[in-house]
Amino acid sequence: MVGKGTSATRGTIQALGSTAVLLALPSLISSRYGAALAAVPPTLPTPPPLASKPATAAQSRPAAATAAVRAPAPTAVRYPLTRQRRALLATIRYAEGTWANGSPDGYRTLYGGELVSSLERHPDIVVVNRYASAAAGAYQMLPATWEAASRRLGLRGFGPANQDQAALYLADQRGALAAIDRGQLCDDSLARLAGEWASFPLHHGGSAYGQPVKAAGQLRRFFNEQLKRPTLRLADGQLV
């Protein structure tokens with residue numbers, strides 16, 4: 001609401017006429033209400049920006065972590081049991097003293113010859129018989145060796161088929177399986193296997209671990225005899 005002016009102001013306006021009134025009006029308003037207008041903020045405060053949409057769990061997860069989550073589990077390695085590989089497995093058992101003319105008892109044998117009743121898992125029983133060892137099964141695997149091989153292959157249980165797979169895996173890791181697949185148990189293959197099984201001889205004929213070994217010629221004859229065994233056809237049609 002506009003207030004009333006003073007008498008001096010009214011006199012001045014009458015003397016100047018209507019034109020002067022129009023020209024002087026802005027100044028009058030400015031002088032009376034300048035302070036009030038100055039107190040009014042020139043613009044309204046800028047509103048805060050809207051919050052962005054929260055990132056989903058997949059968006060917030062680092063790229064490396066996302067890739068790890070999506071990566072498929074490694075496929076378990078499987079080794080078909082060919083005649084050559086069966087001959088190798090029999091030869092390892094022969095060298096390790098668990099062959100017993102092919103008896104399945106070899107798969108339950110502890111170091112020293114005692115048998116276990118369960119193959120649900122590696123027995124992990126330390127036996128002292130000249131040496132102290134927790135080796136077990138047809139291929140006399142130590143607990144740590146079995147654990148590593150079974151984890152890599154995705155094996156469950158210490159049964160005969162799983163022991164066969166683990167033994168072939170170990171032979172493959174030693175670089176001996178290629179020659180075996182060609183039907184050859186040469187000195188180089190024996191030396192490679194000696195790094196895994198103490199009963200196999202190195203090139204000089206001794207053990208890699210200072211233990212008793214089978215002679216190279218003896219092992220080679222046994223291997224060749226196994227190769228000559230009659231070919232069998234399994235249920236899935238595989239020849240062994």
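1. The protein chain has 9 helices and 2 strands, taken as DSSP runs (H or I of at least four residues for helices, E of at least two for strands) and numbered from the N terminus. In order from that terminus, the elements run α-α-α-α-β-β-α-α-α-α-α.

2. This is a predicted model, in which local features need pLDDT of at least 70 and side-chain atom pairs count only at pLDDT 80 or more, while totals for chains, interfaces and linings use all residues. Residues are numbered from 1 along each chain as its sequence is written, and side-chain values use heavy atoms, with hydrogens and water left out.

3. Of the 240 residues of the protein chain, 31% count as buried; buried means under 20% relative accessible area, exposed over 50%, and partly exposed in between (1.4 Å probe, protein chains only). Among contacts (heavy atoms within 4.5 Å) with a separation of 6 or more, 54% are between residues 24 or more positions apart.

4. There are 5 aromatic pairs in the model. Rings of Phe, Tyr and Trp (its six-membered ring) pair if their centres lie within 6.5 Å; planes under 30 degrees apart count as stacked, over 60 as edge-to-face and the rest as tilted. Trp 99 and Phe 222 form an edge-to-face pair, 5.6 Å centre to centre with 85° between the planes. Trp 99 is in the loop between H4 (83-96) and S1 (127-129), and Phe 222 is in H9 (residues 216-227), 123 residues apart. Both Trp 99 and Phe 222 are buried.

5. Tyr 107 and Tyr 139 are also edge-to-face, at 6.3 Å centre to centre and 80° between the planes. Tyr 107 lies in the loop between H4 and S1 and Tyr 139 in the loop between S2 (131-133) and H5 (143-153), so the pair ties together parts 32 residues apart in sequence. Tyr 107 counts as buried at 10% relative accessibility, and Tyr 139 is buried at 1% relative accessible area.

6. Ring pairs link Tyr 94, Trp 99 and Phe 222 into a cluster. Lys 214 lies over the face of Tyr 94, 4.9 Å from the ring centre; the rule asks for NZ of Lys or CZ of Arg within 6 Å of the ring centre and within 35 degrees of the ring normal.

7. The buried residues in H9 are Leu 219, Phe 222, Phe 223, Gln 226 and Leu 227. They cover an arc of only 145° around the axis, which puts them on the same side of H9; the arc is that of the directions from the helix axis to the C-beta atoms. The buried residues of H9 pack against H4, H7 (177-181) and H8 (187-194). Exposed Arg 221 and Glu 225 are on the face turned away from the buried side of H9.
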